[in-house]
Amino acid sequence: MKKFKFQLETLLKVTRRKKDEAEMQFAEVTRRLEDQRNQLQNLLQELQEGQAEYANKTSEGKTITVDAIMIYTNFFNWKREQIEEQQKLILRTTQERQQKLKKLMELITYVKSIEQLKEKRLREYNAELIAEEQKFLDEIGLQLSIRK
């Protein structure tokens, strides 16, 4: 009997490769999202430090100039804008991550279904091999019994 050959082996290989690529893309987006969250934390910390510095200068009882107030106000507004932009970026990246995860899950399901089909075909092939071998052994047994 001929050797087992799965007809969809090429499709399985291509799909596995696509799944691997999707895993790499998902990991890259996840890493990027983590970096963006860290950057947001840094921005929040910078804003908090600036506010603490401003509070120290105003609570010491010293007079603070209008120029200093304007500088701090501009700084706080600039930091808030940066934080807002970073939050928007995180939201977009989170949505992209969800899309990559969905695609990855679809590919994993597809690969599993093809692998299950391959296993089923292999079991069928092995059953045919066993049946053919049994038939051959029965013929040998029949010939031996006829000769006696």
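How much accessible surface does the chain have, and what percentage of it belongs to carbon and sulfur atoms? The accessible surface comes to about 11,700 Å², and 54% of it belongs to carbon and sulfur atoms. Accessible areas come from the Shrake-Rupley method with a 1.4 Å probe; for residues, only the protein chains shown count as cover. The model is predicted: local features need pLDDT of at least 70, side-chain atom pairs count only at pLDDT 80 or more, and totals for chains, interfaces and linings use all residues. Residues are numbered from 1 along each chain as its sequence is written, and side-chain values use heavy atoms, with hydrogens and water left out.

The chain has two helices and zero strands. Both types of element are DSSP runs, numbered from the N terminus (helices: H or I, at least four residues; strands: E, at least two). Helix α1 covers residues 9-59. Helix α2 covers residues 66-147. Along its principal axes, the C-alpha trace spans about 125 × 25 × 15 Å. The radius of gyration is 34 Å, whereas a compact globule of 148 residues would have a value near 15 Å. This radius is taken over C-alpha atoms, and the globule rule is 2.2 Å times the number of residues to the power 0.38.

Of the 148 residues, 18% count as buried. Buried means under 20% relative accessible area, exposed over 50%, and partly exposed in between (1.4 Å probe, protein chains only). Among contacts between residues at least 6 apart in sequence, 90% join residues at least 24 apart. A contact requires heavy atoms within 4.5 Å. The chain holds 29 positive and 25 negative charges, and their mean positions are 7 Å apart. Lys and Arg count as positive, Asp and Glu as negative; His and the chain ends are not counted. Each charge is placed at NZ of Lys, CZ of Arg, CG of Asp or CD of Glu.

Thr 15 is in helix α1. Thr 15 counts as buried because its relative accessibility is 4%. Its side chain reaches the backbone oxygen of Leu 11 at 2.6 Å. Leaving aside neighbours within four places in sequence, Thr 15 is in contact with Leu 107, Tyr 110, Val 111 and Ile 114.

Glu 115 is found in helix α2. With a relative accessible area of 27%, Glu 115 is partly exposed. Residues up to four places away in sequence aside, Glu 115 touches Leu 12 and Arg 16. The C-alpha atoms of Glu 115 and Glu 9 are separated by 9.3 Å, although these residues are 106 apart along the chain.

Thr 93 is also placed in helix α2. Thr 93 is buried, at 3% relative accessibility. A polar atom of its side chain lies 2.9 Å from the backbone oxygen of Leu 89. Not counting residues up to four places away in sequence, Thr 93 touches Val 29, Leu 33 and Gln 36.

Lys 79 lies in helix α2. Its relative accessible area is 4%, so Lys 79 is buried. The Lys 79 side chain makes a polar contact with the side chain of Gln 82 (3.1 Å). A polar contact is a pair of N or O atoms within 3.5 Å; within protein, one must be able to donate a hydrogen and the other to accept it, and residues adjacent in sequence count only if both atoms are side-chain atoms. Beyond residues up to four places away in sequence, Lys 79 touches Leu 43, Glu 46 and Leu 47. The C-alpha atoms of Lys 79 and Gln 48, 31 residues apart along the chain, are separated by 9.9 Å.
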